[in-house]
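Good morning, colleagues. Please look at the structure on the screen, and I shall then take you through its pockets and one of its helices.

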Amino acid sequence: MIRVLLADDEELIRTAVAALLGLEPDLEVVAQAGDGRGAVDAAVAHRPDVAVVDLEMPGLDGIAVAEELTTAAPTCAVVILTGHGRPSHLQRALAAGAKGFLPKGSPGGTLADVIRRVHGGARYVDPALAADALTARPCPLTPRELDVLREAGTDTPVAVVARRVHLSQGTVRNHLAAITAKLAVPTRAEAYRTAQEQGWL
């Protein structure tokens with residue numbers, strides 16, 4: 001029997017997936033969580049073989065959960081489900097230790113098959129997402145520039161951003177100027193929207 005943890009902040013989806021997996025003779029849902037921190041805690045408490053986690057959750061997202069579980073529950077394979085799969089999400093998920101990555105719109109039996117595969121030591125990536133990842137535009141921003149842009153959002157004051165990222169206001173302004181130049185957009189708000197659309201944030 002493969003022990004499974006489900007984590008999704010949408011209860012209807014979580015309970016529906018639990019019911020679907022409950023029909024499989026070799027799968028048992030041993031725990032559920034409504035957010036990322038709860039998923040990590042449940043994995044530590046219940047020691048599932050596979051954790052199926054939503055990409056976008058309050059607190060820790062699915063990628064952060066995958067990263068934490070590599071040390072908190074290293075024998076637990078992580079499968080990330082997403083409603084909005086982007087190539088950068090896939091790359092970050094795999095780098096964080098996820099063993100599976102698939103869209104929520106996948107056929108019903110696919111998830112059970114993926115759970116079995118990753119439990120057996122294999123990896124699974126949705127073929128369409130994998131193809132998109134191979135042709136994706138690489139992020140031109142440095143990790144520090146991404147940190148600044150993430151904190152800056154569309155209109156956070158420079159002084160606030162500087163405090164949050166522990167840089168001088170002048171350095172933050174320089175980063176924001178470099179970001180808009182690299183993304184070829186006129187404003188910080190457009191830079192933020194572009195980075196979100198590309199899945200870089």
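How do the residues of the lining of the largest pocket divide into nonpolar, polar and charged? Please keep in mind that we are looking at a predicted model. The division is four nonpolar, three polar and five charged residues. The residues themselves are Leu55, Glu56, Met57, Asp61, Arg86, His89, Arg92, Arg150, Tyr192, Gln196, Gly199 and Leu201. The space in this largest pocket comes to about 220 Å³.

To place this pocket, we need the domains. The domain assignment of the chain gives domain 1, residues 2-135, and domain 2, residues 143-198. Their C-alpha centres are 31 Å apart. Each of the two domains contributes at least three residues to the lining of the largest pocket. As for the elements, helix H4 (87-96) and helix H10 (188-198) each supply at least two of the lining residues.

I turn now to the second largest pocket, which holds about 150 Å³ of space. Around it stand Ile13, Val17, Leu20, Leu81, Leu102, Pro103, Lys104, Ser106, Pro107, Gly108 and Leu111. Two or more of these lining residues come from each of helix H1 (11-22), strand E5 (100-103) and helix H5 (108-119). Which element gives the largest share of this lining? That element is H1, with three residues. By class, eight residues of the lining of the second largest pocket are nonpolar, two are polar and one is charged.

My last topic is helix H7, which spans residues 143-152. Which of its residues are buried? They are Glu145, Leu146, Val148, Leu149 and Ala152. Around the axis these residues cover an arc of only 160°, and they therefore lie on the same side of H7.

What do the buried residues of H7 pack against? Their partners are helix H8 (158-165), helix H9 (169-183) and H10. Finally, H7 is followed by glycine 153, with a positive phi near 55°.

Thank you for your attention.

Conventions: Residues are numbered from 1 along each chain as its sequence is written. This is a predicted model: local features need pLDDT of at least 70, side-chain atom pairs count only at pLDDT 80 or more; totals for chains, interfaces and linings use all residues. Side-chain values use heavy atoms; hydrogens and water are left out. Domain bounds come from an automatic or database domain assignment. On a 1 Å grid over the protein atoms alone, a cavity is a set of points where a 1.4 Å probe fits but cannot get out, and a pocket is an open set with protein on both sides within 12 Å along at least five of seven lines; lining residues have an atom within 4 Å of a point. Grid points are joined across faces, edges and corners, and a volume is the space filled by probe spheres set on the points. Helices (H or I, at least four residues) and strands (E, at least two) are DSSP runs, numbered from the N terminus. Ala, Val, Leu, Ile, Met, Phe, Trp, Tyr, Cys and Pro count as nonpolar, Asp, Glu, Lys and Arg as charged, and the others, Gly among them, as polar. Buried means under 20% relative accessible area, exposed over 50%, partly exposed in between (1.4 Å probe, protein chains only). The arc is that of the directions from the helix axis to the C-beta atoms. Contact means heavy atoms within 4.5 Å.
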